[in-house]
Amino acid sequence: MFIPQGHLIYDGGSGFGAAEEVSAERIAALSRYPDPLPDPSPDALIDRVDRTTFSCVDGTPRLFPVGIDATLAHGVGDCTDLALLRVEVLRRNGIPAKPVHGLMIWNAGTFKTNALHVEILGKGVAVHDWVELGDGRTMGAYEGVPGVRCVKTGNGVCLQPVFKTLGYL
C-alpha cells in the first residue's frame, strides 16, 4: 500500500525575509567551544561539528533549502541545510567533506519521522541529504540507528541544479 506521509512546507525560501550574511568567523566558531578539545584528532573535531551543527537546525522539512545564513540567523533548516552547513564547517577546518544525496529507507513500524516520505509495504522511503567525509565515513546518514538505511544516489544535495538556478544555493 502506498501512503504519503509527513509535511511539505513551502515558505518561499527562508520564510523569514532576507537573513544577514553570516561571517566566516561565525561559521568557524561552530567547531570551537570555550574549552579545547580533549583529543586534538580530526575525529574529535568531526564529533564536535556533528553535535554543534545539529543544534542549529529545526529539522522541519521544506521544499527549498533555507541556506546557511538563515540557518544560523534563525535556527531553521532541514537535512539539506544541515548537510551544507556541516560541509562548510568541516572544510573550513581542513576536513575533506562533500554533500551527498540519496534515499533513506526504514522500517515504518519502528522509526517515525515528520519528513515528507511515502510508506510502501511497511517501509518508509524519503529523499535525504547527508555528508560524506574524505575517508568514506558519513555524517547524518542515521549511522547506528537500527532499521534505517541510507543509499547514496549522487553527489551534492537533492535537486541541487534546480536550487542553484532558483538562487537558493
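The lining of the largest pocket draws at least two residues from each of α2 (42–54), α4 (79–92), β2 (97–107), β4 (123–133) and β5 (138–139), where helices (H or I, at least four residues) and strands (E, at least two) are DSSP runs numbered from the N terminus. Among these elements, β4 gives the most, with seven residues. In this predicted model, local features need pLDDT of at least 70 and side-chain atom pairs count only at pLDDT 80 or more, while totals for chains, interfaces and linings use all residues. Residues are numbered from 1 along each chain as its sequence is written, and side-chain values use heavy atoms, with hydrogens and water left out.

**Pocket**
- The largest pocket has a volume of about 1000 Å³, and of the 42 residues that line it, Asp78, Cys79, Ala115, Val127 and His128 are the closest to its centre.
- On a 1 Å grid over the protein atoms alone, a pocket is an open set of points where a 1.4 Å probe fits, with protein on both sides within 12 Å along at least five of seven lines, and lining residues have an atom within 4 Å of a point.

**Cysteines**
- The model has zero disulfides, a disulfide being a pair of cysteine sulfur atoms within 2.5 Å.
- The sulfur of Cys150 lies 9.1 Å from the closest cysteine sulfur, that of Cys79, which is too far for a bond.

**Confidence**
- The mean pLDDT (the predictor's confidence in each residue, from 0 to 100) of the protein chain is 76, and 71% of its residues reach 70 or more.

Notes
Grid points are joined across faces, edges and corners, and a volume is the space filled by probe spheres set on the points.
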